[in-house]
Amino acid sequence: MTTYVLRRLTGLAPVLIAAATIVWILVFFIPGDPARLMAGSRALDPQVVEDIRAEWGLDRPVPLQYLTWLGKLLRGDLGTSYIQRRPVAEILGDHFPPTLILALAAVALSAGGGLALGTLAAFARGRLPGLVVQVLALVGASTPVFWIGLMLMLLFSSRLGWLPVLGYGDDGAMVPGIGVRLPEWDHLVLPALTLSLMSMGAIARLTRSSLAETGSAEYLRTAAAKGASRARVLVGHALRNALIPVITVIGLDFSALLGGAVATEYVFAWPGLGKTVARAIALRDLPVVVGCVLFLTMIAVLVSLAVDLLYAAIDPRIQPGAAGIPSVTLR
Amino acid sequence: MFRGVTASRPCPAVRPFLLFLCAVAALGLACRNRETAGPAAEQTFRFRIREDPPTLDPARAIDQLSEAVLFRLFRGLVELEPATMTVRPAVAESWTVSEDRLTYTFRLRDDVYFHNGRKVTARDVAWSYRRLLSPATKSPRRSILEPLAGAAAFARGATTDLPGLTTPDDRTIALRLEKPFAPFLSALTLMNTAILPAEVYEDPGEAYLRAPVGCGPFHFVRWEQSNFIELAAFDRFYGGRPSIDRVVVRIIENHQGALQEYLAGGLDSLDEVPEDDDPLAAALGDEILRYPFIGTEFIGFNHAVAPFKGNAALRQAFNYAVDKEYFHKTRHGNPMANGIIPPGAPGHDPSLPGYPYDPEKARRLLAQAGYPGGRGLPPITLWYNTAESLNQDMQKIQLDLKQIDVNLTLQSVDWAAYIAAIEGTPVRPGQAPMYRFGWSLDYPDAESILRPLLHSANAGPAGNYSRYANPRVDALIDEAMGLVDDAARAERYMEAQRIAVMEDAVWLFLSYYESKTLFKPWVKGVVTTPLGEFRIPIERLRIEKGSS
Amino acid sequence: MPPAAPPGVHARVGSGPRASLMLGLVLVGFFVLCAAAAPVLSRWIGFDPLVQATDRWTTPPTPPDRAHPLGTDALGRDLLSRLVHGARVSLLVGVAAEIIAIVIGIVIGGCAGYAGGRVDAWLMRVTDLVFAFPAPLLALAAIAAVPDPETVPLLRHLPEPSLGVVFVVLGGIGWVGIARLVRGEFLRIREQEFARAAQAIGAGGARIVIRHLLPNAAGPIVVAGTLGVGGNILMEAWLSFLGIGARPPAPSWGSMITEGQAYILSKPWVCVFPGLAVLGVVLGFNLLGDGLNAWLDPRRRHAAS
């Protein structure tokens, strides 16, 4: 097990550098001059742009710029934002926590809702309720995140007035020690719900099929007929099996989750990383784009490693790495 | 078979789902009416900006979002009275201008303090001005001080002497110009000339970018990136402590969300209003303020490339083909533009005929231009930066030009690619044959729109993206700059405008801007200003929520 | 793969798979029909999707009425007609991107699965890398890199070059699932009798791949592809929502949602209908994929769907 983890982690470094290089090249060649953008949005003296270009070394040959950047990266320096003039690591520190909190809340909601819906569907399989639940689950996975966000905002905030419209709130508690402020919890509800809907459907589908496949539903029905204590034992068994779909979907859907997060962050004015990267792309803030994408790629690799390990932990029959991730795209 | 069992006794596995539903319902109930009023005495004013300000360094700020914050934190020697747009004292209590219009002598107030408690002196002004001009600062607005004697050499870094700037004593600062520059005082009202405490702004770590210190009515509290910026009233502000205790600048990109947030009470003011025909607009009634904004929206033609190069008839045909009244009546309600200089700036000419909608005339001119029925026209692309409201406006222009058989391709790209496509380099024209642009005046003087946008010396990135070059217009702009008499200057500007609009049809003229702002009824003391919604002085606002 | 069913327990065959197949077919068929017959349909509706239908001084968007069953949009263009044409944009991008993804996926997965060893290890490392990329952000950057698709050699000839960029980018990102699937199928089938038999009688490598391996992998590829089309359509809608997908005036549902957003409080139909259209077509593809999965391989009826 330990060797496996070590092997995966050592394989990580070249992959990340390759990833960062690809993004660096891609962003570098997007038309639009970062020096020009640093100088502001108004017309101006071209000399100022030249001065800024020289300040950031953007006037040097491209391979040299790349090597400078790579050298810094290997020393663990992600660089400095052109626009904000502060370290990319600091920007990550500001914007990753809100995205993480949003994602965790969404995962919790989708796991809870998905397991419940999937269990319901498994029990009612073959009858109309089963189909209805299945279709409902599919609807969640089929709805554009940004659109459902607008609709939920319209319904729960503007029409019913139950929840705040948007924002992170300015009054959440500080997490001691790391300087991260939590969102006000009621501000979190709608964004998390919006983001949870797409994977909720996928989890529900997988839960249903896994319950059906292992026959747990049949067992449970029989057990329920015979007495509750037996049933409780089986629920444990069923839930453990049901965790596999949850983990699968999280592992598989990480990038979709992130895409959803960008849209959710936009709709609900959430100060997260997705929105920050999108804006940095628009501003040609190369260090921020590359640094953040690199960071997110690393997270994704770690997530998939964790998924592998969790599979093995839950079901001892699966060897880590041997199972891999089921190979059907789920978006 | 097992139906009865499942139905009569909730199966244990269903429980998580029920719990989940309960949790959601509980959340909903708990959040209802969470209107927590702070200490009764505290007055908070919350308004919205779209994105994080690119910078809070006054020397580098060049956009509205930065100014929306900076004008609360900083003050310069002089400022514009928002309502009338006349120059009035700020940190300087008075000033004199020499007979030859070359020397400006300012006398500072005795009661001005920085937010860190230190008193403002003439040395601070001198330090701030040198910082703005210094090549190390790389300020895009160093040109404001370039009229100073010796400024050019100083800005190049050739010398550290700046003979145009002297401080005879702690409360006096004298500025001497190389040659007369009529709008100099107006230019000094720009926030870039704000007075800064050297002890804060000499920091090589640039901590001031995240914690600016000035001498304005509010002091900086905190900035949570992409979330909000918080300011608080400055007790020792020379103009008296503001009535508003706390200003929260909320950063909300999605304007529909911002509108709903305003309606829900999370904002006291919003820089966008619902479309004017909405039942909602009617319901909002007096909360909507509309007032002129000194700026012009237009579609630029690239005069350096075919087909617009040297073809005034074609440019006029396009002008007549577009139904500008439609924009006014059914799109945004902004007044139609008959020319370049907007109302409120000297040189605006209400009697200029402009180009009213006339598709027949447009067709005739198109034929005259050598493209009867649109035949022979190369493909023309209209570039604009991605924005949902622009999308619809540009599609309307596309539809209108289709009426005279001109096929327009729309090209919507992000700001960076857009700038690259229209500016080109000083020698090479941009690739966009047509581009949508808006220009707001930095200060109420036609100089600040005509020179950057139309003077041939500024062709390319300096502002004249059209690469328009007419020696007569150049001469008029240059002549006006040195004139003392305001009426005589306005005359030159009107003549330059007449040539550029009626003879050369330099752009496709669309509209003059208008600000549209929502204010909650409890916000009192709003002074609207042609400088835009973000220049409304918050220090003069009061919150009067009343007991009801 | 999730663990196999314990011996002695049989998955019950219900009406679910068949129903979702039928429902999916109906939905997808409906939208395909809309897309195919869009010009005819909009003539029948009576309004061109690109022409202002309301008169000059009527303030759009106008609510649904007899002439415009779904109302008009912010410029007074018939919404139904635009929605019908929007099906073209969505399906074109969704399907074209998936075809690109399938081709890349088969080539990479096939090479990895057939060759094995070093080649396999390297190709899978590339696959893992692409999988780990934050795809949506990559798409944003990649599309921004081509601001002027009219000048790109191949895309230039498409009726809508901006859409070409979108589907090429989506296809270039979306092949990972297919590649893993193809590789997995190859590894599985390779071990099976007939492949070994074919090898034994001396059939060449390419022959084995084309005659034996691909047909056997076709089922799962079709299923994954169908589900992928739905994903691509969602992605295109999202990109257009951000204003970087389809260029106006192309009636993309995503940009219609953006344009309708401004009216959501008082004239919600401008925003609601395009959203429902996206939902409908993606739901159709998801149902179809689900149903196909069960139908193509009854043994795997309830495997990861």
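In this predicted model, helix α12 (residues 273-282) of chain A and helix α13 (residues 286-314) of chain A have axes that come within 8 Å and cross at roughly 145°. The crossing of α12(A) past α13(A) is left-handed. On the α12(A) side, the residues that meet the partner helix are Leu273(A), Thr276(A), Val277(A), Ala280(A) and Ile281(A). They face Val288(A), Val289(A), Cys292(A) and Val293(A) of α13(A). What kinds of residue make up this contact of α12(A) with α13(A)? Eight are nonpolar, one is polar and none is charged.

The loop between these helices, α12 and α13 of chain A, holds Arg284(A). Its phi is positive, about 55°, although Arg284(A) is not a glycine. Most residues other than glycine have a negative phi. Is Arg284(A) buried or exposed? Arg284(A) counts as buried because it has 27 C-beta neighbours inside 10 Å. Stepping back to chain A as a whole, its secondary structure comes to 13 helices and two strands, and 56% of its 331 residues count as buried.

Now let's turn to chain B, where four strands form an open sheet in the order β4-β5-β7-β6, with antiparallel pairing. At the edges are β4 (92-97) and β6 (165-169) of chain B, each pairing on one side only. From one strand to the next, the twist averages 20°. Helix α4 (residues 122-133) of chain B packs on this sheet and touches β5 (103-108), β6 and β7 of chain B. The direction of α4 makes about 170° with that of β6(B).

The loop between β4 and β5 of chain B contains Arg101(B). Here too phi is positive in a residue other than glycine, with a value near 65°. Arg101(B) is partly exposed, because 16 other C-beta atoms lie within 10 Å.

| Strands | Sense | Bridges |
|---|---|---|
| β6(B) and β7 (residues 172-176) of chain B | antiparallel | three |
| β1 (residues 44-49) of chain B and β10 (residues 246-251) of chain B | parallel | six |
| β9 (residues 228-233) of chain B and β10(B) | antiparallel | five |

Which residues are bridge partners in these pairings? Thr166(B) has Ala174(B) in β7(B) as its partner. In β10(B), Ile251(B) is the partner of Ile49(B), and Val248(B) is the partner of Glu230(B).

An α-helix has 3.6 residues a turn, so residues three or four places apart point the same way. After α12(B) comes Gly370(B), whose phi is positive, near 105°.

The loop between β12 (288-301) and α10 of chain B includes Pro307(B). A cis peptide bond joins Ala306(B) to Pro307(B), with omega about 0°. Most peptide bonds are trans.

Finally, take a look at chain C. Its helix α5 (residues 135-144) is mostly covered, with ten of its ten residues buried. Among them are Pro136(C), Leu137(C), Leu138(C), Leu140(C) and Ile143(C).

Conventions: Residues are numbered from 1 along each chain as its sequence is written. Chains are lettered from A and ligands numbered from 1 in the order in which they are written. This is a predicted model: local features need pLDDT of at least 70, side-chain atom pairs count only at pLDDT 80 or more; totals for chains, interfaces and linings use all residues. A residue is buried if 20 or more other C-beta atoms lie within 10 Å of its own, exposed if 12 or fewer, and partly exposed in between; C-beta atoms are placed from the backbone. Axes are lines fitted to C-alpha atoms, for helices over the stretch in contact, and angles run from 0 to 180 degrees between N-to-C directions. A crossing is left-handed if the near helix is turned anticlockwise from the far one by less than a right angle, and right-handed if clockwise. Two residues are in contact if their C-beta atoms, placed from the backbone, lie within 7 Å. Ala, Val, Leu, Ile, Met, Phe, Trp, Tyr, Cys and Pro count as nonpolar, Asp, Glu, Lys and Arg as charged, and the others, Gly among them, as polar. Two strands pair if DSSP finds at least two bridges between them.
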